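Work through these exercises with the model open beside you. Try each task before reading its solution.

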Amino acid sequence: MSLFLSKKENNFYVNEGYLVRENQFTTNEVDSLRKALERAVNSAEEKADNGQVYYLDKKKFVDVGHITLQYEPQPNDNVLRVIEPAHSLDKELSSLIKDKRITDPVRSILEEEDISLWTDKLNLKRPGNGSGFGWHQDSPYWVHDNKNVDLLPNVYLSLDDADKANGCFRVIRASHKEGCLPGTSNGTQLGGFYTDPSCFNETDAVDIRIKAGSLVFFNQHIVHGSEPNLSDQQRRAYIITYQPKDQPMLKSGVINNIN
Ligand SMILES: O=C(O)CCC(=O)C(=O)O
């Protein structure tokens with residue numbers, strides 16, 4: 001069975017800036033991936049003791065080599081929120097980035113048979129205290145490090161059922177068409193990375209309510225974010241970003257071609 005995008009799927013992605021493929025991984029696979037994610041978290045926590053700690057807008061970050069750990073805001077700043085990149089922390093995650101259910105649609109999007117990894121991250125969003133992600137685009141983070149910022153499609157793998165209660169992923173449909181938009185200028189250190197709200201219409205927001213094991217392909221320019229997780233359920237996700245072959249990864253500069 002071909003895993004490439006159909007013409008209809010491709011048109012949807014081009015017009016809307018995202019595409020959902022539901023239930024791509026079985027319950028057993030999701031269970032196993034959750035264990036891999038938690039192993040990666042434990043490993044990151046152990047390494048953090050030797051990392052370099054810094055604060056941006058009072059939010060704690062720790063750099064361990066090329067891996068950046070982001071923590072929840074105080075008073076939960078002992079709880080990990082994001083690990084980027086995460087694939088080197090667990091063998092199952094490094095295999096996952098080559099899974100054809102993820103990479104064949106990316107080949108369709110890039111119209112390239114040969115692709116490489118740009119970056120990947122675990123977004124943990126724990127029950128009760130998992131903070132939200134303000135509306136932003138990924139491309140402004142990357143534009144200074146990658147000369148092909150139009151060629152960096154993302155894949156979001158949902159590791160838990162997600163809906164409004166646990167802060168499901170959200171996109172502003174079709175907002176990718178303008179390329180990099182201006183950030184907010186509120187004087188904070190991170191403010192510039194959030195998209196100026198006058199540049200998009202929040203009424204175009206789509207809540208992506210999906211089952212664990214589903215995939216969301218989304219354009220690097222689409223405005224996206226999510227609400228906090230105030231529920232008693234996990235909302236974990238793995239986001240992987242690709243590029244054409246032979247290009248260096250973000251941060252490490254190592255080339256990681258996907259065969
Ligand atoms: O995990 C989410 O809900 C949003 C993630 C996100 O916006 C990001 O990692 O850039």
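**Exercise 1.** Is Asp 160 buried or exposed?

Solution. Start with the ground rules. This is a predicted model, where local features need pLDDT of at least 70, side-chain atom pairs count only at pLDDT 80 or more, and totals for chains, interfaces and linings use all residues. Residues are numbered from 1 along each chain as its sequence is written, and side-chain values use heavy atoms, with hydrogens and water left out. Asp 160 has a relative accessible area of 7%, so Asp 160 is buried.

**Exercise 2.** Find the salt-bridge partners of Arg 236, and place each residue in the chain.

Solution. Take the criterion: a side-chain nitrogen of Lys or Arg within 4 Å of a carboxyl oxygen of Asp or Glu. Helices (H or I, at least four residues) and strands (E, at least two) are DSSP runs, numbered from the N terminus.

- Step 1. Asp 160 pairs with Arg 236, with 2.8 Å between the closest N and O atoms. Asp 160 sits in the loop between strands E8 (154–158) and E9 (169–172), Arg 236 in the loop between E12 and E13, and 76 residues separate them.
- Step 2. Glu 38 also forms a salt bridge with Arg 236, at 2.9 Å, N to O. Glu 38 belongs to helix H2 (residues 27–48) and Arg 236 to the loop between E12 (224–226) and E13 (237–244), so this pair ties together parts 198 residues apart in sequence.
- Step 3. Arg 236 is buried at 9%; Glu 38 is partly exposed at 24%.
- Step 4. Widen the view. Asp 31, Arg 34, Glu 38, Arg 126, Asp 160 and Arg 236 are linked in a salt-bridge network.

**Exercise 3.** Which residue forms a salt bridge with Glu 227?

Solution. The partner is Arg 170, with the closest N and O atoms 3.6 Å apart. Arg 170 lies in strand E9 and Glu 227 in the loop between E12 and E13, so the pair joins parts 57 residues apart in sequence. Arg 170 is buried at 12%, whereas Glu 227 is partly exposed at 42%. By the salt-bridge rule, the count comes to 18.

**Exercise 4.** Describe the surroundings of Leu 215.

Solution. Locate Leu 215 in strand E11 (residues 215–218). Its relative accessible area is 0%, so Leu 215 is buried. Now list contacts (heavy atoms within 4.5 Å). Beyond neighbours within four places in sequence, Leu 215 touches residues including Leu 19, Phe 25, Ile 102 and Tyr 156.

Notes. Buried < 20%, exposed > 50% of the residue type's maximum accessible area, 1.4 Å probe, protein only.
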